[in-house]
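Please look over the structure shown below before reading on. The briefing then takes up a pair of helices and a sheet in turn.

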Amino acid sequence: MMELLDEARKLSMFTAYNANVDAIVYLNGKTIQGLIDEFGTEAVRRRMEEFPRQIEEPIDFVARIVHALKTGKPIEVPLVNEELQGWFDSRFNYDVERIGGQAGIIANLLANLDFRRVIVYTPHLAKRQAEMFVRKPNMFYPVVENGKLVLKHPIEAYRENDPIKVNRIFEFRAGTTFRLGNETITVPYSGRFIVSARFESIRIYTRPELKPFLPEIGLQTDGAILSGYQGIRLCYSDGKDVNYYLREAKKDILLLKREKDLKVHLEFASIQNRELRKKVIYNLFPLIDSVGMDESEIAYVLSALGYPKLAERIFTYNRIEDTVLGGKILIDEMNLEVLQIHTIYYLMYITHADNPLSEKELRMSLELATTLAAAKASLGDIKSPRDFETGLGVPYNERGEYVKLRFEEAKRRLRTREYQIVIIPTRLVKNPVSTVGLGDTISTGAFTSYLALLRRKGAL
């Protein structure tokens, strides 16, 4: 498997568009008590009853986090008031700051694995964000100087006045106690409360000056991994809307592919708004080659495509048979070359029968992906290609044989002659150092090894 990784590392990759800072706070009872005392028990209780769906002022945050701690349930609540960033920064000392966002996580992973060249692009590059990218000689950010495309390390390309997306993650532990008036609250379960930045200033697009150079970037790379479209809003105060940004996104993909048949992978993320989800699927999926998603995300996609009963079965029962059926529908209706589905217990590829790779080769690609993810879960981060070997020592999950049995049953019951479908059990770390970015790591390992195997057969 190391041989396949070495082949993949000879590739040059482009990744865009979403990168942010994850600022992490490890909460304790004293911090929570201080917030309650600052705003007053009655004010906090009143706002908890109102249950704000987004954070527009500090009391909204205090009410929602107290509610989350009381139930012990992890939750993500959008922060829509950009001016509140200063309030958070003045109240909390962040224990950890690291790269966030799919494109940012993927870029650092590829650079640390010593891929030949990694070009990362995000339309907003403030200094604080640029500092999050690893200082490696293979890491580049595209800029235009004197009418020419120039590749620089992100720290040499940041813009002073660019907005920055900071997701603030408040980790809490079971057993933490505090008081809300006469009530003593003990946190029942460990989890995290995420304040996700959702500002109008943060948009998913390619800056006009760079757009004409996308064909050149396409020529200089072997594959592209695009993500972040879940951050598009339905409408903006300046009159632009989701249709405008998706039209521009379609142009970007076509420009990347203009000079050669560049393979493009889209890393899908859950989009709660059904209208936005449907627009992203119908506009972008037909233009790309590969999609990566988890089982809940394929259910969301099927629901948007008009298969609500199948989507509901996947949500409710999570049967491999339903996932296979859904995957077949998706690659047929969207004309995808390959669909990669990652779950906690298995990874799956679905392609058409005429795919250049054999089932054995597709299985090799998935094996690399789960081993890479196991290394990241074990170590917390991957710093060098050698870290991959850590993943080789992680056993496959205990449901591996059950997964294989259910998969063989599914193939017997479903018509699969026109497809190549492979499944492998995941290597599962029992006490992971970190779970953030594991899906992105799997998709990156799968897509890049898929490209490496295509190149080996002269099909890339």
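Predicted model: local features only at pLDDT ≥ 70, side-chain atom pairs only at ≥ 80, totals over all residues.

Residues are numbered from 1 along each chain as its sequence is written, and side-chain values use heavy atoms, with hydrogens and water left out. Helices (H or I, at least four residues) and strands (E, at least two) are DSSP runs, numbered from the N terminus.

**The two helices**

- Helix α3 (residues 41-50) packs against helix α4 (residues 58-71) at an angle of about 75 degrees, and their axes lie 8 Å apart; axes are lines fitted to C-alpha atoms, for helices over the stretch in contact, and angles run from 0 to 180 degrees between N-to-C directions.
- α3 and α4 are therefore roughly perpendicular to each other, a term that covers angles of 65 to 115 degrees.
- In α3, the residues A43, V44, R47 and M48 meet I59, D60, V62, A63, V66 and H67 of α4, where contact means heavy atoms within 4.5 Å.

**The sheet**

- Five strands form an open sheet with mixed pairing, in the order β3-β11-β8-β2-β4; two strands pair if DSSP finds at least two bridges between them.
- β3 (75-79) and β4 (96-100) stand at the edges with a single partner strand each, so one side of each is left without a neighbour in the sheet.
- Strands β8 (residues 166-172) and β11 (residues 191-197) run antiparallel and are joined by five bridges.
- E171 stands opposite R192 in β11.

Technical notes: Parallel < 35°, antiparallel > 145°, perpendicular 65-115°, else oblique.
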